[in-house]
Amino acid sequence: MVQMKPMSSSSYSHLVDDIPSTPGKFKMMDKSPYSHHRLFKWHSSLTKLTFWSFLFLGLIFFFFLRSPPPPPHHSGADPSSSSSYPRRHLRNYSWGGPTWEKRVRSSARVRSRNGISVLVTGAAGFVGTHVSAALKRRGDGVLGLDNFNDYYDPSLKRARQALLERAGVFIVEGDINDDALLRKLFEVVAFTHVMHLAAQAGVRYAMENPSSYVHSNIAGLVSILEVCKSANPQPAIVWASSSSVYGLNTKVPFSEKDRTDQPASLYAATKKAGEEIAHTYNHIYGLSLTGLRFFTVYGPWGRPDMAYFFFTRDILRGKPISIFEAANHGTVARDFTYIDDIVRGCLSALDTAEKSTGSGGKKKGPAQLRVFNLGNTSPVPVTELVNILERLLKVKAKRHIMKLPRNGDVQFTHANISLAQRELGYKPTTDLQMGLKKFVRWYQRFYAGGKKSSV
Ligand SMILES: O=C(O)[C@H]1O[C@H](OP(=O)(O)OP(=O)(O)OC[C@H]2O[C@@H](n3ccc(=O)[nH]c3=O)[C@H](O)[C@@H]2O)[C@H](O)[C@@H](O)[C@H]1O
């Protein structure tokens, strides 16, 4: 399949300029279009045109039938051949009715003293599942919301859903862009907090399906904030931003005060836009908003589109893996952060969130607006990640070193977490070696043992 590259207006004008002003032999010289000779020429040209059009259409049809179907989901295939990634299904969801409302209420019911009632969007996602389970464990009310899209293997999302169901968390199937559904949820439950984790993730996939980033990370965020601002009482909102907002920033470690105006991917740009949108809703409506900049989160029940996950799969299958390196053999590194540390950061952000100050869409006073780095503070080269996986899996990787593609990746990330340490008591405790050990143990059990495992 050939992907048409979008053209800038300057490249369009270049093409227009290239069309000759006198189109050669097709130029009409004859002043009388009704002459016999002219009519005959016109007729024979029309026949030729029809013939070539049919041939052309036939060829397109032939190649269409021959082209292989796209893979069922995106799971970390070679990014250079990524034009075959599928477009996501847009589905209709059914919701509502007395039984449904009863489930919603029961799942969101607070069962501990001073507990909170949280709507978790993206609850069948990696971070969403862990956060929902942790909240439920301590007696908070939790209602999940997820659209179960097929960006990556939906059966993994279903397995996470089953896990949460056993823990007493109901996940409503629906889209964050469905305003009527969101309004209904707030009608049924007076949520004190929203943990907004639903998003289109992945930095490289943004080149393949840009609109899904706008749909989920911008329109979806606005739709969540709209319902929150109108709710009475307004909930406090904690949401997932990303380390990718630092983009081409070279000052390390990345601090919340550093510039974030040079995103390297559309994903990063949509997360940065989210931070600005958060500012607006805080300013106008008094919504309490906390953005968390996650640094390459990994661990059990993780995302198959992330490198540590598909490296594990491919090493075990004896397939080559592509390891990126920067110019002049420069090291590519990430501040890999273990899921349990991230969950502690999320819960602490919820617990320290102040109340929103508005009601029914009207601001009553200034409200809290925060942004925190949640990283590990110790970047590890991707080559070292592979060394650790080789030792844990007891299999040598077939390494294929390649130049860092210019499709959204940055060379390194490194979090300064002193603000989160001070305000949230955030202190990561799991290093990459230990975290990958836990991931590999889960992976082997999950994929060998009938997809049952615990968080
Ligand atoms: O912190 C974030 O906010 C983001 O973190 C994550 O992005 P990244 O840090 O790019 O993770 P990931 O793709 O696992 O690549 C890891 C490393 O492997 C390298 N990499 C990758 C692929 C490959 O084939 N080869 C390779 O060397 C690659 O160059 C990189 O150095 C989330 O996916 C994203 O949704 C967002 O949350």
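What follows is a chat about a predicted model, covering its ligand, core and salt bridges.

Visitor: Let's start with the ligand. How many residues surround the ligand, and which are the closest?

Guide: There are 24 residues around the ligand, and the closest are Arg 204, Ser 242, Ser 243, Ser 322 and Arg 334. Keep in mind that this is a predicted model.

Visitor: Which polar side-chain atom lies 2.9 Å from an oxygen atom of the ligand?

Guide: That one belongs to Arg 303. Backbone atoms take part too: a polar backbone atom of Phe 294 sits 3.1 Å from a ligand oxygen, and one from Ser 322 is 2.7 Å from a ligand nitrogen.

Visitor: And how much of the ligand does the protein bury?

Guide: The protein buries 95% of the 700 Å² that the ligand exposes when taken alone.

Visitor: Which helix and strand each supply at least two residues of the shell?

Guide: Helix H9 (307-317) and strand S8 (320-325).

Visitor: Back to Phe 294. What does Phe 294 touch?

Guide: Leaving out residues up to four places away in sequence, Phe 294 touches Val 127, Leu 197, Ala 240, Ser 241, Ser 242, Ser 243, Ile 342, Cys 346 and Leu 374.

Visitor: Where does Phe 294 stand in the largest nonpolar core?

Guide: That core has 83 residues, and Phe 294 and Met 195 touch the most other members. Apart from it lies another core, this one of 32 residues, including Val 189, Ile 224, Cys 228 and Tyr 285.

Visitor: Switching topic: how many salt bridges does the structure hold?

Guide: 20. One of them joins the side chains of Arg 204 and Asp 409, at 2.7 Å from N to O.

Visitor: Where in the chain do Arg 204 and Asp 409 lie?

Guide: In distant parts of the chain, 205 residues apart. Arg 204 is in the loop between strand S4 (193-196) and helix H7 (210-230), while Asp 409 is in the loop between strand S13 (398-403) and helix H12 (418-424).

Visitor: Is Asp 409 buried or exposed?

Guide: Buried, at 13% relative accessible area. Arg 204 counts as partly exposed, because its relative accessibility is 23%.

Visitor: What about Asp 341 and Arg 344, how far apart are they in helix H10?

Guide: They are 3 residues apart in helix H10 (residues 339-352), so about one helical turn separates them. Asp 341 is buried at 1% relative accessible area, whereas Arg 344 is partly exposed at 44%.

Visitor: Which residue forms a salt bridge with Lys 396?

Guide: Glu 390 does, with the closest N and O atoms 3.4 Å apart. Lys 396 counts as exposed at 68% relative accessibility, but Glu 390 counts as buried at 10%.

Visitor: Which residues are linked in a network of salt bridges?

Guide: Glu 101, Arg 105, Lys 184 and Glu 187 are linked that way.

Visitor: Last one, Glu 423. Where is Glu 423 found, and what does it touch?

Guide: Glu 423 is in helix H12. Not counting residues up to four places away in sequence, Glu 423 touches Thr 352 and Phe 372. The C-alpha atoms of Glu 423 and Ala 349 are separated by 8.7 Å, with the two residues 74 apart along the chain. Glu 423 counts as partly exposed, at 41% relative accessibility.

Technical notes
Residues are numbered from 1 along each chain as its sequence is written. This is a predicted model: local features need pLDDT of at least 70, side-chain atom pairs count only at pLDDT 80 or more; totals for chains, interfaces and linings use all residues. Side-chain values use heavy atoms; hydrogens and water are left out. A nonpolar core is a set of buried Ala, Val, Leu, Ile, Met, Phe, Trp, Tyr and Cys residues joined through side-chain atoms within 4.5 Å. Buried means under 20% relative accessible area, exposed over 50%, partly exposed in between (1.4 Å probe, protein chains only). Contact means heavy atoms within 4.5 Å. A salt bridge is a side-chain nitrogen of Lys or Arg within 4 Å of a carboxyl oxygen of Asp or Glu. Helices (H or I, at least four residues) and strands (E, at least two) are DSSP runs, numbered from the N terminus. A residue is near a molecule or strand if one of its heavy atoms lies within 4 Å of it. A polar contact is a pair of N or O atoms within 3.5 Å; within protein, one must be able to donate a hydrogen and the other to accept it, and residues adjacent in sequence count only if both atoms are side-chain atoms. Accessible areas come from the Shrake-Rupley method with a 1.4 Å probe; for residues, only the protein chains shown count as cover.
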